[in-house]
Amino acid sequence: MAGISVLRPLAGASIRNIARTYATSVPASTHHRVVIVGGGTAGVTVAAQLQRSSELEKKDIAILDPAQTHHYQPGWTLVGSGLKPLGEMHRPMSDVIPKGVKHYPLRVSTFDPENNAIKTSEGVDVSYDYLIVAPGLETNFAAISGLEVALQDPASQVSSIYSDKTVETVWKNVQAFKKGPAIFTQPAGIIKCAGAPQKIMWMALSQWKRDGVRDNIDITFATGAPAMFAVPKYSQALEDLRKQRNVGGLFQHNLIKVDPKKKVATFKNLADGAKGALVEKEFGFLHVVPPQKPWDWIAKSKLADAAGWVDVDKSTTQHTKYKNVFSLGDASSLPNSKTAAAITSQAPVLISNLLAAMRGKELKSAYDGYASCPLLTGHNELMLCEFKYGGVPRETFARILGGQETPNRLFYHLKKDFFPYAYWNYFLGGTWYGSSGFFKPDTTTN
C-alpha cells in the first residue's frame, strides 16, 4: 500500500484521478466473492493461487490497492549494496495482477465486517463474501526526529534501504565514505525482514574492505533488540561474526533523533535499570531502519487486535471473530518474522482453509510459523536463516550442506540471482512455494 511522508504518498486528489482512469471498472459500489486488500507480495500471491485453484468454482476475485507500482522489497538490499539496479526491483501493478482478477486503484478507509463491507477514501462501497487483508505495514520515518530532513539532504550521509526513494543513496554513501564512525541502526519492535538492518552493514563492511579503507572506519551496529537476531542459533553465529570483524555492538539502544548538521544520532537506552537514558553518538555515515507499525486504518478497525494487527489464528490464518475474514503477510497478527519467504508458507494454508470455509468444512491446514532470512554477510557469502515458531530452525539444505548458520556462496547466489528471478516469474504467478520449490506443500494437520 502507500508509504510515508518522505516517500510522498499519493494524495487523495491523485488517487481520485487514478480512479477516473479506471472509470469503467470503478463503479459507486461493487460486490465480489473474494476481496483482497493489498496488492503487495501477499495479496498478489494469494490472488494468483486462488485463481489457479480448481477447487474455486466461481472465480470472482478483486484486489484493492491504490499503488500503480509493485515493488520487490527484498531486492532493495541488493540495490543498496551495489549488486543490482533499482529498475529491476519494480514493475507496473498492471503487469503483476493475475489474469482474470479485478484491480481497483482504491484506498481503504473503513471496514464493516458485520455487513461484509468496505468503504474507500474515494467513496466507493465494496462488499464481499470473503475478505483477505494483506496491505503490509507502515514504515514510519517520521517517528525519528530529524530523519526525514536528513534523508533529503545529500550532504548528511544518512540513508536507508527501506524506501525505493532512498535506497540508491545508500550505495552512493557507501562508495563515498572513506574514514570515520559508521552506524547502522535497527529499531525496537516489529519490522519487516529483521535481518535487513545488518545485511546492509555486512555488505558495506565488505565493500570498504575491498576499497582498502576498512581499517579507517569504526563500525557500530546499534539495535533496540537485546541480541543480533531473534533465533538463538543464528544470533550466536552473528555475534561471533560481529566480534571477529571488530564491529561494535550497541544493544537495547533505540534511535530517536538525528541531527544531520552536527552529525549526531541520539539513542534511548532501553535496558532495565537505564531509566531511558539518552546516548549521543557522532557519525560520519548513518544507515537508518525506521520503526514500523500497522496502518492506522487497520489498527483502528474492528479487525485489529490490541496491538493493531489483523487478529487471526496463528495456525489457520482465519480471523478470530469474523470467520469469512483471513489475513497473511506483514499486516497479520501471525507471531512470526515478517518476510516474503513467510508468505510462501502462509498462502497455501490460507487458501486451503478459505476453500474449506466456503464449503462449510473444518479448517485442517496449519501454518507452522516458517520464515526465512537470507542474510548477506559479505560479497559471495550468505547465512540462510530458516526457522518456524519458537525460533526453531527449519533448514532446507542442512542435510546436504550442514548447518546453515555457516555462510556460503551458494546461498549468496540464491539471494542475488535466483530469488529475484523466481519472484517475478513464479512467486507472483502462484507457482512458487519457497522451501517446497514448485511443489505445493501438504499443509494439513490430520
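## Salt bridges, a helix pair and cysteines

K84 is buried, with a relative accessible area of 19%. In this predicted model, K84 forms a salt bridge with D417, their closest N and O atoms being 3.6 Å apart. The structure holds 15 salt bridges, and a search of the whole structure finds zero disulfides.

**Salt bridges around D417**
- D417 lies in helix 12 (residues 409–427) and K84 in the loop between helix 3 (76–80) and strand 4 (90–92), so their pairing ties together parts that are 333 residues apart in sequence.
- D417 is partly exposed, at 32% relative accessibility.
- The side chain of D417 also meets that of K416 in a salt bridge (3.1 Å, N to O), and K416 is buried at 18%.
- Shared partners join K84, K416 and D417 into one network of salt bridges.

- K243 and E239 form a salt bridge (3.8 Å, N to O).
- These two residues are four apart in helix 8 (residues 232–244), which means that about one helical turn separates them.
- K243 is exposed, at 56% relative accessible area, whereas E239 is buried, at 16%.

**Packing of helices 6 and 7**
- Helix 6 (residues 167–176) and helix 7 (residues 196–210) pack at an angle of about 35 degrees, with axes 10 Å apart, and their crossing is right-handed.
- V170, W171 and V174 of helix 6 meet I200, A204, Q207 and W208 of helix 7.
- The residues of this contact comprise six nonpolar, one polar and no charged.

- C193 is in no disulfide, and its nearest cysteine sulfur, that of C373, is 4.6 Å away.
- C385 is likewise in no disulfide, with the sulfur of C373 nearest at 5.2 Å; C385 is buried, at 0% relative accessible area.

Note on methods. Residues are numbered from 1 along each chain as its sequence is written. This is a predicted model: local features need pLDDT of at least 70, side-chain atom pairs count only at pLDDT 80 or more; totals for chains, interfaces and linings use all residues. Side-chain values use heavy atoms; hydrogens and water are left out. Axes are lines fitted to C-alpha atoms, for helices over the stretch in contact, and angles run from 0 to 180 degrees between N-to-C directions. A crossing is left-handed if the near helix is turned anticlockwise from the far one by less than a right angle, and right-handed if clockwise. Contact means heavy atoms within 4.5 Å. Ala, Val, Leu, Ile, Met, Phe, Trp, Tyr, Cys and Pro count as nonpolar, Asp, Glu, Lys and Arg as charged, and the others, Gly among them, as polar. A disulfide is a pair of cysteine sulfur atoms within 2.5 Å. Buried means under 20% relative accessible area, exposed over 50%, partly exposed in between (1.4 Å probe, protein chains only). A salt bridge is a side-chain nitrogen of Lys or Arg within 4 Å of a carboxyl oxygen of Asp or Glu.
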